[in-house]
Amino acid sequence: MNRARFFFAVSIALVAPGTFAQQSHTQQDPSIERMRREQQNIDRMTQNNSRRFENGDRQSWLRSMDNLVKLRAKLAEAWQTMGMSPQGAKLVADAYDPERAAHLHRTSLRGKSGQEVAQLLQAAVREKRYLAADQMLIEYQQQKLSIPESGNPRTMD
């Protein structure tokens with residue numbers, strides 16, 4: 001009988017921690033479940049925000065591409081008014097890239113006459129530096145119209 005009591009005591013000792021752990025686990029379940037749901041909500045919100053930003057970026061990109069097409073068309077018109085053939089004007093205008101132009105070393109046009117600017121433009125086109133030629137033409141037109149680089153006309157004092 002001692003043997004039976006011994007096995008009973010040992011089995012209770014072995015089962016008791018498992019039973020206790022199971023009981024404590026069920027006591028923690030509601031808080032763990034709540035935390036899991038909160039994390040899922042956060043993940044869902046992050047995914048939705050990410051999709052919204054992607055869609056917004058896509059829309060901005062599409063608008064900017066539309067504006068770039070219009071800008072290049074106006075550049076081609078300007079080159080044609082300066083005597084360039086339609087094909088040549090389109091070739092030069094299509095090289096314009098605002099991102100690259102922003103990092104381009106620029107030649108100052110301040111104080112230069114129209115003839116001097118024309119010579120600079122002709123040299124840039126002749127050397128096939130179309131982006132530089134486009135940027136010079138834009139800056140020259142802005143200068144002629146007294147428009148600062150930000151695109152806002154200067155106010156009269």
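This is a predicted model: local features need pLDDT of at least 70, side-chain atom pairs count only at pLDDT 80 or more; totals for chains, interfaces and linings use all residues.
## A walk through an all-helix fold

Residues are numbered from 1 along each chain as its sequence is written, and side-chain values use heavy atoms, with hydrogens and water left out.

Arg-100 sits in helix α3, which covers residues 98-102.

Now for the wider view. The protein has five helices and zero strands, giving the pattern α-α-α-α-α along the sequence. Helices (H or I, at least four residues) and strands (E, at least two) are DSSP runs, numbered from the N terminus. Of the 157 residues, 18% are buried. The accessible surface is about 12500 Å², and carbon and sulfur atoms hold 56% of that area; such areas come from the Shrake-Rupley method with a 1.4 Å probe, and for residues only the protein chains shown count as cover. Among contacts (heavy atoms within 4.5 Å) with a separation of 6 or more, 61% join residues 24 or more positions apart.

Which residues have the most contacts inside the largest nonpolar core? They are Leu-75, Trp-79, Tyr-96, Leu-121, Val-125 and Leu-137, in a core of 22 residues. At least two core residues come from each of α1 (2-81), α2 (86-93), α4 (114-126) and α5 (130-144), and α5 gives the most, with seven. A nonpolar core is a set of buried Ala, Val, Leu, Ile, Met, Phe, Trp, Tyr and Cys residues joined through side-chain atoms within 4.5 Å. In soluble globular proteins, nonpolar side chains tend to be buried together. Leaving aside neighbours within four places in sequence, Leu-75 is in contact with Ala-93, Tyr-96, Asp-134, Leu-137 and Ile-138.

Next, look at how α4 and α5 pair up. Their axes come within 8 Å and cross at roughly 160°; axes are lines fitted to C-alpha atoms, for helices over the stretch in contact, with angles from 0 to 180 degrees between N-to-C directions. The two helices α4 and α5 are therefore roughly antiparallel, given that angles over 145 degrees count this way, under 35 as roughly parallel, 65 to 115 as roughly perpendicular and the rest as oblique. The crossing is left-handed, the name used if the near helix is turned anticlockwise from the far one by less than a right angle, with clockwise being right-handed. On the α4 side, the contact is made by Gly-114, Val-117, Leu-120, Leu-121, Ala-124 and Val-125, and on the α5 side by Tyr-130, Ala-133, Met-136, Leu-137 and Tyr-140.

Lys-128 lies in the loop between these helices, α4 and α5. It is exposed at 62% relative accessibility and has a positive phi of about 60° although it is not a glycine.

Finally, two buried residues. Glu-139 in helix α5 is buried at 13% relative accessible area and touches Arg-106, Thr-107 and Leu-109, not counting residues up to four places away in sequence. Gly-88 in helix α2 counts as buried at 18%, and its C-alpha atom is 8.4 Å from that of Ala-76, twelve residues apart along the chain.

Key
Buried means under 20% relative accessible area, exposed over 50%, partly exposed in between (1.4 Å probe, protein chains only).
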